Amino acid sequence: MKFIKKHKVALIVTAVVIILLVLCAIGIKSAFFSNINGSKYGNRLDGIENYPIDSSVIDDIKETIKETGYVNSISYDLEGRCMYFIIEVKSDVDLTTSRSLADKIAEKLSDEIKSYYDIQVLIDSEDEESEIYPTIGAKHKTSVGFKWNVD
């Protein structure tokens, strides 16, 4: 008790400093990590359930692309509101022909889907020494056609 009476002011100051440090730590955590348990997309995917992509449409796209005879493989991935297609073409396919494959993808998708999702197409060649591949094209949901990287 003598210790507490003797150091009363120091103990009060120490308690106030500790309380302020805890409050600052809570404030910093809430400022920088406010949505740590939420979706990584935040509210950007609100309404995505109104624009489902049927797996049969994706299968149809893959079949159409493979039927051209220019393609070795095609893969698809959906991340949020972005559709990613990776196409590996044969070594003798020219750049114009391979880029037209992206238009075939867009033809198979409804206008509603194209106006909600962004589409990105990466075209690579089986020839690892190719000077024109890989090439990347992207179509924003508001644009009409694909924009390609500079040749």
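The protein contains five helices and five strands, arranged along the sequence in the pattern α-α-α-β-β-α-α-β-β-β. The model is a predicted one. Its radius of gyration is 28 Å, whereas a compact globule of 151 residues would have a value near 15 Å. Along the principal axes, the C-alpha atoms occupy a box of roughly 90 × 40 × 25 Å. Of the 151 residues, 24% are buried. The accessible surface amounts to about 10,500 Å², and carbon and sulfur atoms account for 57% of this area. Among contacts between residues at least 6 apart in sequence, 58% link residues at least 24 apart.

Helix α3 comprises 13 residues, 55-67. The buried residues of α3 are I58, I61, T64 and I65. These residues cover an arc of only 125° around the axis and therefore lie on the same side of α3. Their cover includes strands β1 (71-79) and β2 (82-89), together with helix α4 (95-108). Just after α3, G69 adopts a positive phi of about 85°.

Strands β1 and β2 run antiparallel and are joined by eight bridges. One of the bridge pairs consists of Y76 and its partner F85 in β2. The hairpin formed by β1 and β2 has two residues between the strands, and G80 in this hairpin takes a positive phi near 65°. Both strands also contribute to the cover of the buried residues of α3.

Key. Residues numbered from 1 in each chain as written. Predicted model: local features only at pLDDT ≥ 70, side-chain atom pairs only at ≥ 80, totals over all residues. Heavy atoms only, no water. Helix = DSSP H or I, 4+ residues; strand = E, 2+ residues; numbered from the N terminus. Expected span 1.5 Å × (residues − 1). Buried < 20%, exposed > 50% of the residue type's maximum accessible area, 1.4 Å probe, protein only. Arc of directions from axis to C-beta. Contact = heavy atoms within 4.5 Å. Pairing = 2+ DSSP bridges. Rg over C-alpha atoms; globule rule 2.2 N^0.38 Å. Areas by Shrake-Rupley, 256 points an atom, 1.4 Å probe, with all protein chains shown as cover.
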